[in-house]
Amino acid sequence: MTPDRSVMVEHAPAKLNLYLHVLGRRPDGYHELDSLVVFADVHDTVAVRPADRLTLEIDGPFAPALAGEAAGDNLVTRAAVLLGRATGREEPGVAITLTKRLPVASGIGGGSADAAACLRALARLWDIGGDDSRLAPIATRLGADVPVCLSGRPAYFGGIGDIVDPAPPLPPCAVVLVNPGTPLATPAVFKARSGAFSLPARFDGEPPADAAALATLLAARGNDLTAPARTLVPAIGEVLEALGRTPGCLLARLSGSGATCFALYADREEAAAAAAGLESRHPGWWIRAGGLLA
Ligand SMILES: C[C@@](CO)(OP(=O)(O)O)[C@H](O)COP(=O)(O)OP(=O)(O)OC[C@H]1O[C@@H](n2ccc(N)nc2=O)[C@H](O)[C@@H]1O
Ligand SMILES: Nc1ncnc2c1ncn2[C@@H]1O[C@H](COP(=O)(O)OP(=O)(O)O)[C@@H](O)[C@H]1O
C-alpha cells in the first residue's frame, strides 16, 4: 500500500525532570525553576492530515481520561488554532488523531509533549520551517513545559520554563517509569509546597562519563516537588521505595509534579528486568521500561 504523504506523524515523548529545583515564586504565582529535562522513548503519537475543518479523535489506553474534556480544551487543538491564526488560517482545516499512551496529569508532560508534537506535525504539513520564529511564542503560551518539549532534546530549563538551553552531553542510560494510577494536578502541588527555596544546580566540570556518574551528580540534587506531591499522593513513597529496591537501580526520583517516578539503570536489560519484577508485584501500576533519547 502506498503511504499517505499528506499525513504527518510525530512522537510526543515522556519528559523526565532529572532534577528540579524551585528557586522562587513570582508575584503572578508562577515559580522560577532550574531543571535538567530529558525525554524517554515512551510516547504518545500525534497525526495530522488535511480536512475541511478542525477535528480531534483520541484513541489509545488513556483516551478515556480525556473523554470528559471538550475537544477545544485539548492542548493539541489549542496548538492547531494558535498556529493556524499565526499563519493566516482562521479555520485550520486539519484532522488530528492523538494516540494517548502516557498517563494524564502525571508529571511527564504528556499534554505538553502532545502540543509540541502537534506544532511540529503542522509545521511539516503547512511547510513552515521547524525553526520558524512563530513557533516559540505559541509554545510558551500553551504551557510552561511546551517550549522544552518543542525542542525534544535534553535541556536545562529555567525561568518558568521559557528559558531552554542545551544540556551537556549525557551518557546512554536506561529508565523505568512508574505511575501509581492517581492523577495529580500541577497547580495543587505547587500550592502545597512550603519551606525554603533552592539554588540553581546546573552541572559544572566534565560531563558525566556513564550512567553511574550521572546518578552521582543527580543524587546531590533533588526534586523539590517531592514532599508536597507525596503529601497529596502517599503512594509516591511506595513507588520510590519499590524502584529503589530493584537490582541495578542507580537513582529513583519523582518527575515534575508527579505522580510518575523514574529510576535510572546502566543498561536496558536491567531496566526491563526491573519493570518485569515490578509488574508482577504491582499489577495496578503503569510501568514502562525504555531508554533516554539523545
Ligand atoms: C512542574 C513541571 C516541571 O517540568 O512539570 P509537570 O509536573 O507539569 O509535568 C512544569 O514546570 C509544569 O509545566 P506545565 O504543566 O506546562 O505548567 P502550566 O500548565 O503552564 O502551569 C500549570 C500551573 O502550575 C503552576 N506552575 C507551573 C509552572 C511553573 N514554573 N510554576 C508554577 O507555579 C501554576 O500554578 C500554573 O498555573
Ligand atoms: N493532550 C493532552 N494530554 C493530557 N492532558 C491534557 C491534554 N490536553 C489538555 N490536557 C489537560 O492538561 C492537564 C495536564 O496534563 P499532563 O500534561 O498529562 O500532565 P503534567 O502537567 O502533570 O505532566 C490534564 O489534566 C488535562 O486536563
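Me: How many residues surround ligand 2, and which are the closest?
Reply: This is a predicted model, and in it 19 residues surround ligand 2. The closest are L75, A105, G110, G111 and D114.

Me: Which helices supply at least two residues of that shell?
Reply: α1 (75–86) and α2 (110–125) each do. The largest share, four residues, comes from α2.

Me: And by class, what's in the shell around ligand 2?
Reply: You get seven nonpolar, 10 polar and two charged residues.

Me: Why does ligand 2 lie between the domains?
Reply: Because domain 1 (8–166) and domain 2 (174–291) both give residues to its shell.

Me: OK, switching to ligand 1. Which residues come nearest?
Reply: G143, A144, D145, G256 and S257, out of 20 around ligand 1. The shell around ligand 1 divides into seven nonpolar, 12 polar and one charged. Both domains give residues to this shell too, so ligand 1 lies between them.

Me: Where does UniProt place "binding site"?
Reply: The unreviewed entry puts that feature at a set of residues including A105, G107, G110, G111 and A113.

Me: Take G107. Buried or exposed?
Reply: G107 is buried, because 30 other C-beta atoms are within 10 Å and 20 or more count as buried. G107 is in the loop between β4 (94–99) and α2. Leaving out residues up to four places away in sequence, G107 touches L184 and the residues L254, S255, G256, S257, G258, A259 and T260.

Me: What about A113, where is that one found?
Reply: A113 is in helix α2. With 28 C-beta neighbours inside 10 Å, A113 counts as buried.

Note on methods
Residues numbered from 1 in each chain as written. Chains lettered and ligands numbered in written order. Predicted model: local features only at pLDDT ≥ 70, side-chain atom pairs only at ≥ 80, totals over all residues. Near = placed C-beta within 6 Å. Nonpolar A, V, L, I, M, F, W, Y, C, P; charged D, E, K, R; others polar. Domains from an automatic or database assignment. UniProt positions renumbered as here; feature names shortened; annotations may be inferred. Buried ≥ 20, exposed ≤ 12 C-beta atoms within 10 Å, placed from the backbone. Contact = placed C-beta atoms within 7 Å.
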